[in-house]
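Open the model in your viewer and keep the selection tool at hand. The stops below say what to select next and what is there.

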Amino acid sequence: MSIVVFSHSDCLDHIPDEQHPECPARIAAINDQLIRSGMDFVLVRKDASDAPLEAIYRAHTKEHVDFVFAQIPEYDHEWIDPDTLVTAGSKSAALKAAGAAINAVDDVLTTYNKQAFCAVRPPGHHATRDKAMGFCLFNNVAIAAYHALETHGLERVAIVDFDVHHGNGTEDIVQGDERILFCSSFQQAFYPFTGEDTSADNVHNVPLPAGCKGPQWQEAVSQQWFKALEDFAPQLILISAGFDGHAEDDMSQFLLKEEDYHWISLKLKEIADNHCDGRIVSCLEGGYNLSALGRSVVAHLKGLL
């Protein structure tokens, strides 16, 4: 058994200023830890291709896509909001990040490979249907979900988001679509300050307080996600894999550890084995302490195996 890892060197060309936490070094940190862990022998590495515009338009308005592309500068960088910027290489990076998610869906649905991980940036889960925000330009997992539904004819796709920040963009895009089940855990009263008053039947949010440790998080998501996922019986599970809830990551006040990411990966693998022949596509979201990020990704992939 192996995991396909989709990435591309273009994802390194989205280069914020030196102080920005969402930096190219994140990909290098993941690759370093994967090599150090000895996992390379169970990984199949593939280059991502550009996402076609028609696939992006399923999750975003054309006006949003045009706006992002229009902001791309020839040199230096251009701020879209106080957190989110674009640089000369951002268009290619964003197209490869979304393309990796599409490639991964194609791979797990049409080959013997059943699990894929997209080591890409910029991340995506804060990008709403018509707005870039929170370091995110295009919503990679939402694009992947609609690709699976519209191109491969699936009827039920689950998205599980364990980033410490609420996946507001994903929720904005998929809420009310009964073909998609969206499960998100996050630190409450925290950026982007959404998710606690959701009423859509296909959304299961788990807000938790600052200082949340692994046992509390595991109990909460067990109670509020797993039965919903089993009842939904997904034909594919997509993961917004954010590791910024790690105790060593100063982007939040959660106190999760590698073993928590290993645990949730094992649980999602069990559900995938029960309902969708083990098919899982995981896309990198947050995680900004480089050492903790790399170690957490290793734990995540070991759980998927």
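Select helix H9, residues 290-304. H9 is mostly covered, with eleven of its 15 residues buried (buried means under 20% relative accessible area, exposed over 50%, partly exposed in between, with a 1.4 Å probe and protein chains only). Among the buried residues are Ala292, Leu293, His300 and Leu304. The end C-alpha atoms of H9 are 21 Å apart, which agrees with the 21 Å that its 15 residues should span at 1.5 Å a residue; the expected span is 1.5 Å times one less than the number of residues. Helices (H or I, at least four residues) and strands (E, at least two) are DSSP runs, numbered from the N terminus.

This is a predicted model, in which local features need pLDDT of at least 70 and side-chain atom pairs count only at pLDDT 80 or more, while totals for chains, interfaces and linings use all residues. Residues are numbered from 1 along each chain as its sequence is written, and side-chain values use heavy atoms, with hydrogens and water left out.

Next, pick Gln33 in helix H1, residues 25-37. Which residues does Gln33 touch, not counting those up to four places away in sequence? They are Ser291, Gly294, Arg295 and Val298, where contact means heavy atoms within 4.5 Å. Gln33 is buried, with a relative accessible area of 16%.

Now show the strands. Eight of them form an open sheet in the order S2-S1-S5-S10-S9-S6-S7-S8, with parallel pairing; two strands pair if DSSP finds at least two bridges between them. Strand S2 (43-47) and strand S8 (203-208) stand at the edges with a single partner strand each, so one side of each has no neighbour in the sheet. From one strand to the next the twist averages 15°.

Zoom in on strand S1 (residues 3-7) and strand S5 (residues 115-118), which pair in the parallel sense over four bridges. Val4 has Ala116 as its bridge partner in S5.

The buried residues of H8 include Tyr261, Trp263, Ile264 and Leu268. Just after H8, Asp277 takes a positive phi of about 55°.

Then select Leu236, Leu238 and Val281, which touch the most other members of the largest nonpolar core, a set of 50 residues. Such a core is a set of buried Ala, Val, Leu, Ile, Met, Phe, Trp, Tyr and Cys residues joined through side-chain atoms within 4.5 Å. Helix H4 (residues 90-110) gives the largest share of this core, eleven residues. A second, separate core of 48 residues includes Val206, Phe232, Phe243 and Phe254.

Last, go to Cys136, in the loop between S5 and helix H5 (140-150). Is Cys136 buried or exposed? Cys136 is buried, with a relative accessible area of 1%. Among the residues that Cys136 touches are Thr84, His125 and His126. Cys136 and Arg156 are 20 residues apart in sequence and 25 Å apart in space, C-alpha to C-alpha.

Note on methods. Axes are lines fitted to C-alpha atoms, for helices over the stretch in contact, and angles run from 0 to 180 degrees between N-to-C directions.
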